[in-house]
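Subject: Structure handover

Hello,

Here is the structure for you to look over. My notes on it follow below.

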Amino acid sequence: MMRLPDLLRLLALAAIWGCSYLFIKIALDGFTPLQIVGGRIAAGAVTLLTILWVRKISLPSDSQTWRRLLLMAVVANLLPFFLIAWGETYVSSALASILNSTTPLFTALFAAWLLPSERMNLMRAAGVALGFVGVGVVVGIESEGRLIAQLAIVGASFLYGIGFTYSKKYLTDTGAEPLSLPAAQLILGSALMVPLVGVESSAPSFGIAETAALGFLGVFGTGIALFLYYRLIRDVGPTTASFSTYLIPVFGVVAGRIVLDERLGWNALFGGLLVMAGLTLAERGLRRRALEMSRVG
């Protein structure tokens, strides 16, 4: 049974990430995808470093943790952030939120491979398979541009799945303060983004709405969300933590509908339901395996 603080963190993370797709869409009116990635990572780093300073928390001191965080900065920040922002230049924020809800499917696959406590059983495998059928229904038959954009967003989910599992295996048990890990990760990400943004040819447009949207993405969608992310992975495990994506499409679809009047076709809605059904089945499979292991132990 999940504790109330963990449940509240899960809901907060789902709300922040769910609304992030809307703010990415708004920010695209004034910034390129690469500029959005650089801006949100830098703002997230400043947010977490400020919290570290107030709470007198130090950054990780060992070089091995920094090397692992460098990989996380690329796999869990730079690449998926860019893929989602670029994908949203072609598809709605609501559809992006549904496609990115596939993260737990990939997390279940990688966790089953790398984490002995989360090996695959028949029920989990059936849930993952059903979820991917839902992805196929969501994508459907699209024009080339929209198809590639949708696959890019699914690719971001693939990378997030790697990140969830890698951080659980190699980072959450280091003894470091949970807040220091994402702060260091974003520092590294910011350093990597400096030369990339520097070669961007398009000048940003600092309109009020676009700048505010980018600020939200940095402070909440990146800084605060990463802190919640690491705490959840440490306390409830990567697969359960990634199930914040159950509610992400709910927040994403509602926000897109209310603010931007975005509408989804039947295939997106039906496919999204199949993805959620698959996630539910996979989660039940995980709980059954945990129960079986507790009985054996």
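**Contacts and overall make-up**

Among contacts in the protein chain between residues at least 6 apart in sequence, 91% join residues at least 24 apart. Please keep in mind that this is a predicted model.

The protein chain has 12 helices and zero strands. Its pattern along the sequence therefore reads α-α-α-α-α-α-α-α-α-α-α-α. The chain has 297 residues, and 53% of them count as buried. The accessible surface comes to about 13100 Å². Carbon and sulfur atoms account for 69% of that surface.

**Aromatic rings**

How many aromatic pairs are there? The count comes to seven, with ring centres within 6.5 Å as the rule for a pair.

One of them joins F106 and F158. The ring centres are 5.5 Å apart and the planes meet at 80°. Planes over 60 degrees apart count as edge-to-face, so that is the label for F106 and F158.

Where do the two residues of this pair lie? F106 is in helix α5, residues 103–114. F158 is in helix α7, residues 144–170. The pair therefore ties together parts that are 52 residues apart in sequence.

Is F106 buried or exposed? F106 has a relative accessible area of 10%, so it counts as buried, the cut-off being under 20%. F158 has a relative accessible area of 37%, so F158 is partly exposed.

There is also an aromatic cluster. F23, F216 and F220 form it.

**A charge over a ring**

R40 and F81 deserve a line of their own. The charged end of R40 sits over the ring of F81. The distance to the ring centre is 3.7 Å.

**A nonpolar patch on the surface**

Which residues form the nonpolar patch on the surface? They are L4, L7, L8, L11, L247, V250, F251, V254, I258, V259 and L260. Together they have about 940 Å² of accessible area.

Two helices, α1 (4–27) and α11 (248–260), each supply at least two residues of the patch. The largest share, six residues, comes from α11.

L8 is one of the patch residues, and its place is in helix α1. The relative accessible area of L8 is 49%. Exposed means over 50%, so L8 counts as partly exposed.

Best regards

How values were computed:
Residues are numbered from 1 along each chain as its sequence is written. This is a predicted model: local features need pLDDT of at least 70, side-chain atom pairs count only at pLDDT 80 or more; totals for chains, interfaces and linings use all residues. Side-chain values use heavy atoms; hydrogens and water are left out. Rings of Phe, Tyr and Trp (its six-membered ring) pair if their centres lie within 6.5 Å; planes under 30 degrees apart count as stacked, over 60 as edge-to-face and the rest as tilted. Helices (H or I, at least four residues) and strands (E, at least two) are DSSP runs, numbered from the N terminus. Buried means under 20% relative accessible area, exposed over 50%, partly exposed in between (1.4 Å probe, protein chains only). A charge sits over a ring if NZ of Lys or CZ of Arg is within 6 Å of the ring centre and within 35 degrees of the ring normal. Patches are made of residues with over 30% relative accessible area and no salt bridge: like charges are joined within 9 Å, nonpolar side chains (Val, Leu, Ile, Met, Phe, Trp, Tyr) within 5 Å. Accessible areas come from the Shrake-Rupley method with a 1.4 Å probe; for residues, only the protein chains shown count as cover. A salt bridge is a side-chain nitrogen of Lys or Arg within 4 Å of a carboxyl oxygen of Asp or Glu. Contact means heavy atoms within 4.5 Å.
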